[in-house]
Amino acid sequence: MILLRGPLLLAQLLVQSAFLALGQIRTHKTRAALTTVGIVIGVASVSTVIAVLTGFKEHVLSQFEAFGTNKLYVVPDRPDKGPLRRAPWHIIRFTPEQFDDIKRHCPSVEQVTRVGFMNRTIHFRDRSVENVRVLAIDPAWHRIENRHVELGRPFSVIDEDQARPVCLLTPKARDKLRLDRDCIGQEILLGSRLFRIVGIVEPHLESAMFGQGESDVEACIPFMTAWKMGQPWMLVIATSKSTELSQEARAEIRFFLRRVRNLKPGDPDTFRVEVLEKYLSQFKQIAMVITIVASGIVGISLLAGGVGIMNIMLVSVSERTREIGLRKAVGARPSAVLLQFLVEAVVLCLLGGLAGLMVAHGFTSLINQIIKAGIPDAEHYHAYIPAWAVVLSFGFAAGVGIVFGMFPALKAARLDPIEALRHE
Amino acid sequence: MLIRLKDVTKVYRMGVERIHALDGLTLDVTQNEYVAVMGPSGSGKSTLMNVIGCLDRPTSGSYELGGRPTTDMGAAALARVRNERIGFVFQSYELLPRFNALKNVELPLIYSKTAWWARRRLCHQVLERVGLSDRVKHRPNQLSGGEKQRVAIARALINNPAILLADEPTGNLDSRTSQEILGLFDQLHQEGQTIVIVTHEASVAVHARRVIRMRDGRVYSDLPIEEDPISQMQTAPEPPAPGGQGTEGPRRSQSRAQEEKSS
């Protein structure tokens, strides 16, 4: 109880000072409003910048996530130096059997698919669609790319083993060929070969950042079927067991491939393993730097606001010199007077911060509307002021109040009560 | 002994000049005394008041309040003494215009250890004591001069001070209201309150039981009221008579004459 008494009295004094400050501000509404303009502008601009950046960051992150942050791309790559720098392409490029054992040797890898790319014209009866992207895929592709079969069935082991002429179409491709909704079992010409449709595969994910320009008119065929048709250019997409493991998976794949491709120690890689996670962390870093720099620049305007606060607090102190004298005469300790004026400055700043946040909220919703109306592909963009920015704004406003209120408050606390009571 | 001042000096520097506002003053005041401090302006009575009220520290000498030396106290400790042991009444009331009577009376409690739930009751009690229970919610600009001074007295009494210090408490009041306020002081004295009142008006001083006259920072006369010259002119303090202008007249001119003579 005795231990609690000190903090309780302090809390009581704080609350009283806050009420006193609110009363003081109420009697000088215009003055308080004009004084806090600097703080309002500062907090409003910081919060708006942070809100827009947060919206942008989350937009990009969601795109990354839709794309899969644990993905690894393995592509053939001719080295810049070493004896292989002039190697012909057929030595550099991948062959399907190189990846047969990859899962056994790379424990951090969860899924692997080989992907081949071809362009063919599709014919169905008298109708045709030119330049259709044909993807040669392994069964794991559906899970890696998150594009599942919506109708019919995926490729079976038999399709794969026997390199059967079966295919999956995207809904767009089906519609372009004016096939029935349920077109499974129909046969189409893919290039010069007849393929039977076994299912409809989900289209490519809508994404503003990745896969732009990729057509939704696509066909998929079993990888071995494609390989036997004409050895298309191929790459390998793998996923690590988790995003954290992607660097490990990368190292494992590299080690595995060097051995499979008989590279001697010191030879440069003849392939690249690209990890999306790397770009993600780079992006996060850039976003953070932008946030810090923007907050810092705009924070300067808060300092300008702080000078206004200091000015008005000095006016307040000199106006209320007699009151300070009286308070001291009836027993206000210097610290209590200090606290009273400091609390007044802080309350003023916090009110400014609150107003600034409301202005920022208005701006943010305006920006959201403009972006939604003006930029396509941005339906999911949503700028908002994150909770930490609200806390930061109030913290900064309070800090400005304390720093710039300190000098006037000290002046008040140091007033000689006799002099103060004689003040006119 | 409640107040014990010993060889107290107070020196102010005005540029190169040194002004001895108090010059080796020694004074004792016991519990439940009613002391009037008189003297011309510049005699050091305000400085004495500030020293007794712990608003100011003497340059040298010692001051004990209730047996405790105050000379070495810091600003915070002195503030606490003012809060708990001293009640000030000023000539110009010094009420906060934005606060009503109750809030003004409450002011010292804010800086004391009184819990907030006990404050209201204390304020009402003390306002009743000064006869203002029907003016609790009024602001200073809605109160007459006498009422304002009553609020100020209530504020001074709120912490049950050891000493009530009044500096020209009737200086801004007309004679009838002055007598009412002085009547209140008499009543408080009868209830056991120690009062030190600074005045240059004989009509005020006659209410006291002891008159201290100052000149040049020193006490030059310290007598019970019966032996002081003012009681020769006016044997007993008069209650405010209806139409008391007549009796007031000579006393006022007397005090003014005294002032002119000494300055």
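**Exercise 1.** Which side chain does that of Glu33(B) join in a polar contact of 2.9 Å?

First, some ground rules. This is a predicted model, where local features need pLDDT of at least 70, side-chain atom pairs count only at pLDDT 80 or more, and totals for chains, interfaces and linings use all residues. Residues are numbered from 1 along each chain as its sequence is written, chains are lettered from A and ligands numbered from 1 in the order in which they are written, and side-chain values use heavy atoms, leaving out hydrogens and water.

*Step 1.* The partner is Arg210(B). A polar contact is a pair of N or O atoms within 3.5 Å; within protein, one must be able to donate a hydrogen and the other to accept it, and residues adjacent in sequence count only if both atoms are side-chain atoms.

*Step 2.* Helices (H or I, at least four residues) and strands (E, at least two) are DSSP runs, numbered from the N terminus.

*Step 3.* Glu33(B) has 17% relative accessibility, so it counts as buried. Buried means under 20% relative accessible area, exposed over 50%, and partly exposed in between (1.4 Å probe, protein chains only).

*Step 4.* Leaving aside neighbours within four places in sequence, Glu33(B) has contacts (heavy atoms within 4.5 Å) that include His189(B), Gln193(B) and Arg210(B).

**Exercise 2.** How do the rings of Phe117(A) and Trp233(A) sit relative to each other?

*Step 1.* Their centres are 6.2 Å apart and their planes are at 35°, so the pair is tilted. Rings of Phe, Tyr and Trp (its six-membered ring) pair if their centres lie within 6.5 Å; planes under 30 degrees apart count as stacked, over 60 as edge-to-face and the rest as tilted.

*Step 2.* This pair links strand 2 (residues 109-124) to strand 9 (residues 233-240) of chain A, 116 residues apart.

*Step 3.* Phe117(A) is partly exposed at 28%, and Trp233(A) is partly exposed at 37%.

**Exercise 3.** How many residues does each chain bring to the contact between A and B, and which salt bridge does Arg98(B) form?

*Step 1.* Chain A brings 26 residues and chain B brings 26 residues.

*Step 2.* The buried area is about 2200 Å², with carbon and sulfur atoms giving 60%. Buried area is the accessible area (1.4 Å probe) that two parts lose on being put together, summed over both.

*Step 3.* Leu326(A), Val330(A) and Ile418(A) supply 24% of what chain A buries against chain B, more than any other three residues.

*Step 4.* Two salt bridges are counted between the chains. Arg98(B) forms one with Glu323(A), its closest N and O atoms being 3.3 Å apart.

Key
Salt bridge = Lys/Arg side-chain N within 4 Å of Asp/Glu carboxyl O.
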